[in-house]
Amino acid sequence: MTITIIGAGKVGAYAALNCGLRELDDVLLLDIVEGLPQGEAMDINHQLAERGSDCIIRGSTNYEDMKGSDIVIVVAGMGRKPGMTRMDLLKTNADIVKNVALKIATYAKESKIIIVTNPLDPMTYLALKITGFSKNNVMGMGGMLDLSRFKNFIQDITKVSRQSIQALVIGEHGENMLPLIRFSSIGGIPLTQVISKEQAQDIFDHTKKVAAEVIALKGATIFAPGNAITTMVEAIIKNKRSVIPVSTLLEGEYGASNVCIGVPTIIGSNGVEKIIELELDTIEQNIFNQGIASLRDVINALPI
Ligand code: NAI
C-alpha cells in the first residue's frame, strides 16, 4: 500500500502527518508548487522519526511518482476565504480536480480515491465521471468531519466523555447539511431522550455553521479535516468495515440517482462496500432533498 496526497497545503500536510502517526503506510505528498511538498515531507519525517513511526513521507511535483498508489487523496485547490460558501469555489476547483482526476486515471488506475476539495459533493461526482472508476472506488470526505463537530457540540451540552458519543451527519457537505439528532446517541441512549428540543435545534444549527466560524477566526480548517481523512484511509487499509458517512453516487437510494451526496456507508478494503439506507422522517427527507436539488444544478455546470 502507498498513500498519495495530491495537494500539500494545510489539510494535505496534516493528513500526511496523521497517516504517519497512525502508522498506516508511506505517503507521497504531491503539489504543483516546487519545494512545498518536499519541505512538508522533511518536516513531517522529523516528527515521525522522534515518534518512532516507520512510515516514510516523500514530497514531489511529478505526478508519475504516484504510480501504483492504492489510495489517492485529492485535497488540491482553493479553500474558502472568510464569508465565502463552499460553492463559491466551484469554477476554480472543478478545473483543478478534473486535471488531477485525469492524472489519477493515468498513473493510479487501481486506486481508491478520497476527494476532499470543495465543493465536496460536486467534486466527488466530477472525479467519478472523469476517471471512469467504479463507484465504490471514489468517495468524498465531508460527513466524517461534520460529525466530529456535531460530537463536540453534544459533549458541550451533555458533559459525557466524547468516547461515549455516536453522531451522524449526512446530506450535502454545504448549506443543506443534515445533522441527524434522531440517529445520534450517548452510550446507546438516543440523543432525543437526553437533550431538549431547543438544545437539539441549537446544535443542529451550530454544526452547519461552525466551519465558517473557524475560517473567519483562523483562515482555514485543518486539524479536524486532516483527522477525518485519516480515519477513512485507516478504514480502507485495515479493512475495518467502519460505518462512515461519505459522499458517494446514489442509484435509487434515498429516492435519488446520478448525484453524489453524503450517506452512511460501510468503508473497507473495497472502498464503499455498502450504502446504509435510513428511514428519514419528513423534515429530514426534505432537507436531504434540498441538498440533492442544489447539487443537481451544480452538476449540470461541471466540465464533464
Ligand atoms: P491550501 O491552499 O493550504 O492547499 C491547497 C494546495 O493545493 C496548495 O498547496 C496548492 O499548491 C495545491 N494545488 C493546487 N492545484 C494543484 C494541482 N493541480 N495539483 C496539485 N496540487 C495543487 O488549502 P487547504 O486549506 O489545504 O484546503 C484544500 C481544499 O480542501 C480546499 O478546497 C478546501 O475547501 C478543502 N477542504 C475540504 C474539507 C472537507 O470537509 N471536505 C475540509 C477542509 C478543507
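A salt bridge is a side-chain nitrogen of Lys or Arg within 4 Å of a carboxyl oxygen of Asp or Glu. This is a predicted model: local features need pLDDT of at least 70, side-chain atom pairs count only at pLDDT 80 or more, and totals for chains, interfaces and linings use all residues. Residues are numbered from 1 along each chain as its sequence is written, and side-chain values use heavy atoms, with hydrogens and water left out.

Q: How many salt bridges does the structure hold?
A: The structure holds nine.

Q: Why is the contact of Lys135 and Glu251 called a salt bridge?
A: Their side chains meet at 3.3 Å, N to O.

Q: Where in the chain do Lys135 and Glu251 sit?
A: Lys135 is in the loop between helix H4 (120-131) and strand S6 (138-140). Glu251 is in strand S12 (residues 242-251). Helices (H or I, at least four residues) and strands (E, at least two) are DSSP runs, numbered from the N terminus.

Q: What makes Glu251 exposed or buried?
A: Buried means under 20% relative accessible area, exposed over 50%, partly exposed in between (1.4 Å probe, protein chains only). Glu251 has 52% relative accessibility, so Glu251 counts as exposed. Lys135 has 24%, so Lys135 counts as partly exposed.

Q: How do you know that Arg149 and Asp146 form a salt bridge?
A: Their side chains meet at 3.9 Å, N to O. That value is within 4 Å, so the pair qualifies.

Q: Why are Arg149 and Asp146 separated by about one helical turn?
A: Because they are three residues apart in helix H5 (residues 143-158).

Q: Are Arg149 and Asp146 buried or exposed?
A: Arg149 has 11% relative accessibility, so Arg149 counts as buried. Asp146 has a relative accessible area of 2%, so Asp146 is buried.

Q: What makes Glu273 and Arg241 a salt bridge?
A: Their closest N and O atoms are 2.4 Å apart. Glu273 is in strand S14 (residues 271-275), and Arg241 is in the loop between H7 and S12. Glu273 is partly exposed, at 26%. Arg241 also counts as partly exposed, at 45%.

Q: How many aromatic pairs does the structure hold?
A: The structure holds two. One of them is Tyr14 with Phe223, at 4.8 Å centre to centre and 80 degrees between the planes.

Q: Why is the pair of Tyr14 and Phe223 called edge-to-face?
A: Rings of Phe, Tyr and Trp (its six-membered ring) pair if their centres lie within 6.5 Å; planes under 30 degrees apart count as stacked, over 60 as edge-to-face and the rest as tilted. Here the centres are 4.8 Å apart and the planes 80 degrees apart, so the pair is edge-to-face.

Q: Why is strand S1 (residues 2-6) called largely enclosed?
A: Because four of its five residues are buried.

Q: How do you know that S1 pairs with strand S2 (residues 26-30)?
A: Two strands pair if DSSP finds at least two bridges between them. Five bridges join S1 to S2, and the strands run parallel. Thr2 has Asp26 as its bridge partner in S2. S1 also pairs with strand S4 (residues 71-74) in the parallel sense, over four bridges.
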